[in-house]
Amino acid sequence: MFERLVEIICNYVEVEPENVKKESRFMEDLGFTSFDFMSMLGELEDEFDVEIEQKEVADIRTVGEAVAYLESISDEK
């Protein structure tokens with residue numbers, strides 16, 4: 001799931017895949033804007049066939065946290 005998330009991240013911001021780490025922060029390290037981030041969430045919902053809770057999104061700051069969240073909601077299905 002991490003590798004696929006990295007591919008999606010690279011569609012939204014100008015960053016090389018090898019520079020995306022689990023501890024990378026979306027806004028500070030990868031250069032996401034709020035709009036980029038929300039757009040990416042929509043794509044993640046489609047890609048992984050999940051529904052992302054908006055209140056949960058506020059706690060997601062790093063790529064690793066996003067992977068953990070996606071895995072947790074994918075497991076619930």
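These legends accompany close-up views of a predicted model. Local features need pLDDT of at least 70 and side-chain atom pairs count only at pLDDT 80 or more, whereas totals for chains, interfaces and linings use all residues. Residues are numbered from 1 along each chain as its sequence is written, and side-chain values use heavy atoms, with hydrogens and water left out.

**View 1. The buried side of helix H4.** Helix H4 covers residues 63-75, helices being DSSP runs of H or I of at least four residues, numbered from the N terminus. Its buried residues are Val-63, Ala-66, Val-67, Tyr-69, Leu-70 and Ile-73 (buried means under 20% relative accessible area, exposed over 50%, partly exposed in between, with a 1.4 Å probe and protein chains only). They cover an arc of only 165° around the axis, which puts them on the same side of H4, the arc being that of the directions from the helix axis to the C-beta atoms. These buried residues pack against helix H1 (2-12), helix H2 (34-48) and helix H3 (54-57), where contact means heavy atoms within 4.5 Å.

View 2. Glu-47 and Arg-4 form a salt bridge whose closest N and O atoms are 2.9 Å apart (a side-chain nitrogen of Lys or Arg within 4 Å of a carboxyl oxygen of Asp or Glu). The pair links distant parts of the chain, with Glu-47 in helix H2 and Arg-4 in helix H1, 43 residues apart. Glu-47 is partly exposed at 37% relative accessible area, and Arg-4 is likewise partly exposed at 26%.

View 3. Glu-23, in the loop between H1 and H2, is exposed, with a relative accessible area of 56%.

How values were computed. Helix = DSSP H or I, 4+ residues; strand = E, 2+ residues; numbered from the N terminus. Expected span 1.5 Å × (residues − 1).
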